[in-house]
Amino acid sequence: MSNRTLVRAFKLRGLSVSEEALLSLTSLFEDKPDVRSGVLSEVFAGVDRSTLTNGQITYSQLQPFLAKYVSTEGGASNNTASADYLYRVIDSFDCPKYNYNLPRKSFERQEERGSIFGSAKDKAQMFEERFLLIQQRLKRNPLFIGDDALTPIESLLGVTGERYVLGFLSQLTEGEFYLEDTKSHVKVDVSELRVRSSGMFTEGSLVIAKGQLTDEVFKVTELALPPYEKMSDIEKTFPGVDFFGERPPLRIMQRVEQQMKYFSGTNMYVLSDVWLDNAKVMAQLRVLLVALADLDVAPDVFVFMGNFTSRPYGHEHADSGRLKHFFKKLADLLSQFTKIARETKFIFIPGPNDPGPGVLPRPPLPSYLTAPLSEKLRNVKFPSNPCRLRIGPKKVLIYRDDIAQRMRRHCLVDPYTPEDKPMGLHDHLVETLASSSHLCPLVESSKPIYWNYDHALRLYPLPDAVIIGDQFQSYSTIYDECMFLNPGPFHLEYSFINYEPFQHASEMSCVPEVPNE
């Protein structure tokens with residue numbers, strides 16, 4: 001029974017259920033589907049409506065009805081139950097969507113699922129939601145209170161002196177840039193720009209500009225990315241809002257905390273651009289698997305990101321059969337390592353040149369192509385790109401795109417690096433993504449997005465880790481307790497990442513190159 005069906009069952013009886021209580025029911029019914037009708041009947045008949053607030057059943061009010069179905073004893077059975085719920089792969093098309101309600105100053109969950117065939121209204125709403133997300137963040141920032149408050153673009157005509165403006169950088173006419181907010185736009189001139197922050201100012205990104213309106217042109221003297229808001233501050237401001245999705249019920253989290261020693265060694269191996277049609281890549285992958293087998297190690301999670309072939313899919317009629325053949329070869333290779341095939345959880349994420357539309361979020365790999373992997377591997381998932389992974393309380397976002405160079409190509413001005421803070425291109429990229437609270441703050445002509453699923457690309461708040469499979473060089477850096485990682489292309493240097501979420505640690509590694517036979 002899906003979450004939506006459960007919510008509907010409660011609504012039909014004039015009730016609602018809290019998010020934590022809903023997750024508890026979902027977890028129980030996944031473990032014991034045969035008790036579903038009995039539990040719901042008992043809840044509907046036995047709940048004391050006089051104790052409910054606005055007809056909502058909370059987790060604590062639900063708990064007495066679940067007690068006899070959920071074992072609270074310690075031991076191996078609880079370890080197994082917790083471990084089964086520990087891993088949740090969240091597809092972009094299933095992740096929760098929260099819209100900011102400006103009058104109420106709160107986020108409200110949108111239950112209705114949007115269509116991938118959006119209307120013009122959906123496109124406008126996408127940009128409005130991006131804008132409001134950053135605006136509400138800035139209104140709590142002490143830098144923009146009082147005289148330094150942000151000025152709406154439509155109000156610039158009525159003021160004098162320099163003002164701060166929040167808006168999207170856009171090119172409404174060829175070669176001419178503008179700042180846009182939800183109600184108006186103004187042409188900008190950056191020829192007198194004196195100060196700019198680090199990061200990338202790209203067409204399509206939200207920026208804060210300081211300047212003065214002269215002859216209907218906003219002459220910019222300072223340019224900055226929106227100040228970042230700490231994860232802890234967001235959680236305090238909006239307690240209980242599960243932006244990421246699939247938050248485990250309290251009872252599961254209590255088990256994990258009590259048995260942290262059992263879960264602390266959890267690790268993920270992440271590879272990107274695994275060209276299955278390249279014999280050397282397959283040989284190097286075998287070397288990695290042999291090394292793990294020799295150590296008697298089975299990673300908890302093995303992530304393979306595309307592209308899965310050296311040339312783009314779809315150029316020839318035979319590409320479908322070829323790719324399925326390569327997936328079969330990979331399945332045969334993995335199945336030779338019994339412990340890994342039996343115990344490891346595999347995740348396969350499509351790359352830009354793999355089957356599917358070139359729109360974000362990118363749909364999962366087609367099941368008819370991945371059937372050989374499903375047949376040979378015990379636990380394998382084929383989510384969208386990007387996707388989200390929950391490992392107990394830890395949140396990991398995985399994204400495959402060549403974003404670094406694309407962002408650099410669309411910069412309005414060159415990235416600024418302070419003399420006292422050496423920064424590489426990846427540092428500018430990380431700062432831009434974190435400040436923008438978005439994985440792809442670019443104009444749509446550069447990277448199309450499904451308008452109704454733009455929320456799946458949000459980085460608000462930042463998770464524990466963001467893993468970006470990029471053709472750019474590998475890196476590992478931390479931004480406000482969030483680890484940004486790029487394993488680099490496996491087909492070039494045979495590099496990969498070993499990430500340990502509970503230790504908040506990562507190791508960049510390369511498979512030793514074996515000589516050609």
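**Briefing: rings, cysteines and a hairpin**

A search of the whole structure finds 23 aromatic pairs. Rings of Phe, Tyr and Trp (its six-membered ring) pair if their centres lie within 6.5 Å. Planes under 30 degrees apart count as stacked, over 60 as edge-to-face and the rest as tilted. This is a predicted model, where local features need pLDDT of at least 70, side-chain atom pairs count only at pLDDT 80 or more, and totals for chains, interfaces and linings use all residues. Residues are numbered from 1 along each chain as its sequence is written, and side-chain values use heavy atoms, with hydrogens and water left out.

**Confidence**
- The protein averages a pLDDT (the predictor's confidence in each residue, from 0 to 100) of 89, and 93% of the residues score at least 70.
- Confidence is lowest in helix α5 (residues 76–86), with a mean of 47, and highest in strand β18 (residues 465–469), at 98.
- Helices (H or I, at least four residues) and strands (E, at least two) are DSSP runs, numbered from the N terminus.
- Over residues 71–82, pLDDT stays under 50.

**Aromatic rings**
- One aromatic cluster includes Tyr269, Phe302, Phe304 and Phe496.
- The charged end of Arg388 sits over the ring of Phe244, 5.3 Å from its centre.
- A charge sits over a ring if NZ of Lys or CZ of Arg is within 6 Å of the ring centre and within 35 degrees of the ring normal.

**Hairpin**
- Strands β4 (residues 98–101) and β5 (residues 106–109) pair in the antiparallel sense over 4 bridges.
- Two strands pair if DSSP finds at least two bridges between them.
- Tyr98 has Arg109 in β5 as its bridge partner.
- The hairpin of β4 and β5 has 4 residues between the strands, and Lys105 in the turn has a positive phi of about 55°.

**Cysteines**
- A disulfide is a covalent bond between the sulfur atoms of two cysteines.
- The structure holds 0 disulfides, counted as pairs of cysteine sulfur atoms within 2.5 Å.
- Cys387 is in no disulfide, and the nearest cysteine sulfur, that of Cys95, is 11 Å away.
- Cys387 counts as buried because its relative accessibility is 1%.
- Cys510 counts as partly exposed because its relative accessibility is 47%.
- Buried means under 20% relative accessible area, exposed over 50%, partly exposed in between (1.4 Å probe, protein chains only).

**Val511**
- Val511 is found in the segment after β22 (505–510).
- Val511 has 7% relative accessibility, so Val511 counts as buried.
- Leaving aside neighbours within four places in sequence, Val511 is in contact (heavy atoms within 4.5 Å) with Gln284, Val287, Leu288, Phe490, Tyr494 and Phe496.
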